[in-house]
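Reader: Hi! I'm new to this one, could you walk me through it?
Author: Happy to, here it is.

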Amino acid sequence: MAEPQKPVDLVVVGAGPAGMAAAVTALDGGLRVVLVDAGSAPGGQFWRHPPDHAREALPTDDLHHDLRTYRSLRATLAAHQRTGRLTLLLDHPVWTTARAADGFTVHAVDRGRPPEERAVVLRAPALLVATGAYDRQLPFPGWDLPGVLTAGGLQSLLKGGGVVAGRRVVLGGTGPFLLPVAAALAARGAEVVAVCEAAAPSAWLRHPAPLLRNPAKWAEAAGYAGTLARHRIPVRTRTGIVGAEGEGRVAVVRTAALGADGAPLPGTERRIEADTVGVGWGFVPQLDLLLPLGCDLADAGDGTMAAAVDAGQRTTVPGLYAAGETCGVGGAALALSEGRVAAVSVLTDLSAPGRPGIRPLAAQRRAVARHRAFARALARAHPVPRDWPAWLTDDTTVCRCEEVTAGAVLAARADGSASDHRQVKQLTRAGMGWCQGRMCGPAVHCLVAARAEPYTPAERLIATPVTLGALADSAEPSTGDTPSEPT
């Protein structure tokens, strides 16, 4: 049975920079808010920390940026918790959302006391989704060996547990995210043998305006460059990781110079001894909770689709808002501004008496426009190489969960049976495994779809693994219109 709780005005899903900023703005404006996140502490991936009880034993503050903002947001959230206006639900993955007559229903699972799982049902007239993004991966021979991780995974291990995944590390992919990962690994004692960047630095010269309007980005990049120089970490541009070898674990990484289209240049392959590989090709917006609600999507400009929002971060579904990487990947500063703008829209739409004034809102919207322009320039300067499939062999695993090979995917396309990743899933089971296509979906899309068509993830009613017991326990209460949580 469900026990009625105090009614709330807004549920915010995701306690990263966007979600924290949105929750604080809404609370300061007089709303009652539930902030729910799968993590054990607020901060998301950008401000990932060890659990609060382990902070002193595992110090990671030196791996973070803008901790002053983080601490200010946490302090404000804690103050609102004490007044009872904020309900903070950590270790609560949200597995689906649905529209209701009076707003939205949010289904989560309380995993705060493992192995027990309790279903949690939340309802509110307004819902703000700030679930971030996940690493985009491109397969290569040997990428399924132990020791091959995403670049984001390497960083999460460092920030969340102080764990250095290997002793000799090679990083590869594209985009500036490789630089802070390399710097953090080096700061913790790992030997970063090489950073392989597929793009060329000259690509930025074609888009100078966004760089000039964001001097903080230059300063950040210069800091990483200094760290890499001190640790003598080579950055090899126009270079890709095209293979990994080893018995039971990666031992050798194969790299090659890339042509303008991303195909390896003959005679340029190198073999590097390493026990760990980190690869990242940008990020994919996490849309699992938005798709079932029917909101429109828009081309993010980096080969992915993102939530379509107006200038106030409103989606096309009334009462539904989105902020941060769900609207397109653009970094923490952008996410903070979008979260604040979204919360002001909620305050306005719910006619809250304490909503912020026009002047602060205008400044946040200008910040959103400036950072979005930089994100678009970043996507143009660091695209996914067009001919990356030239790295693959027919027996290269593409879907690791279901062990589907590149040959099987290409065969489905060649005989005309499949023209997108959904049809490939039906024919080959690629994307039917534990990760539900998060690892292989973008790659399968690139292999079978038209080159100009951005990747749209499949709609799933269940966004994260959940037990049958929790599903059965999540039935709506028969009475009451307030958010509810089982006893």
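**A chat about strands and a helix**

Author: Strands E5 (residues 94-100) and E6 (residues 103-110) run antiparallel and are joined by six bridges. Strands are DSSP runs of at least two E residues and helices of at least four H or I residues, numbered from the N terminus; two strands pair if DSSP finds at least two bridges between them. This is a predicted model, where local features need pLDDT of at least 70, side-chain atom pairs count only at pLDDT 80 or more, and totals for chains, interfaces and linings use all residues. Residues are numbered from 1 along each chain as its sequence is written, and side-chain values use heavy atoms, leaving out hydrogens and water.

Reader: New topic: which residues of helix H10 are buried?
Author: In H10 (residues 421-428), they are His 421, Val 424 and Thr 428; buried means under 20% relative accessible area, with a 1.4 Å probe and protein chains only.

Reader: Why are they on the same side of H10?
Author: Because they cover an arc of only 50 degrees around the axis, taken from the directions from the helix axis to the C-beta atoms.

Reader: And what do they pack against?
Author: The buried residues of H10 pack against strand E23 (404-405), helix H9 (406-414) and helix H11 (441-448).

Reader: What caps the N-terminal end of H10?
Author: Asp 420 does, with a side-chain oxygen 3.1 Å from the backbone nitrogen of Arg 422.

Reader: And what follows H10?
Author: Arg 429, whose phi is positive, near 75 degrees.

Methods:
Buried means under 20% relative accessible area, exposed over 50%, partly exposed in between (1.4 Å probe, protein chains only). Contact means heavy atoms within 4.5 Å. A polar contact is a pair of N or O atoms within 3.5 Å; within protein, one must be able to donate a hydrogen and the other to accept it, and residues adjacent in sequence count only if both atoms are side-chain atoms.
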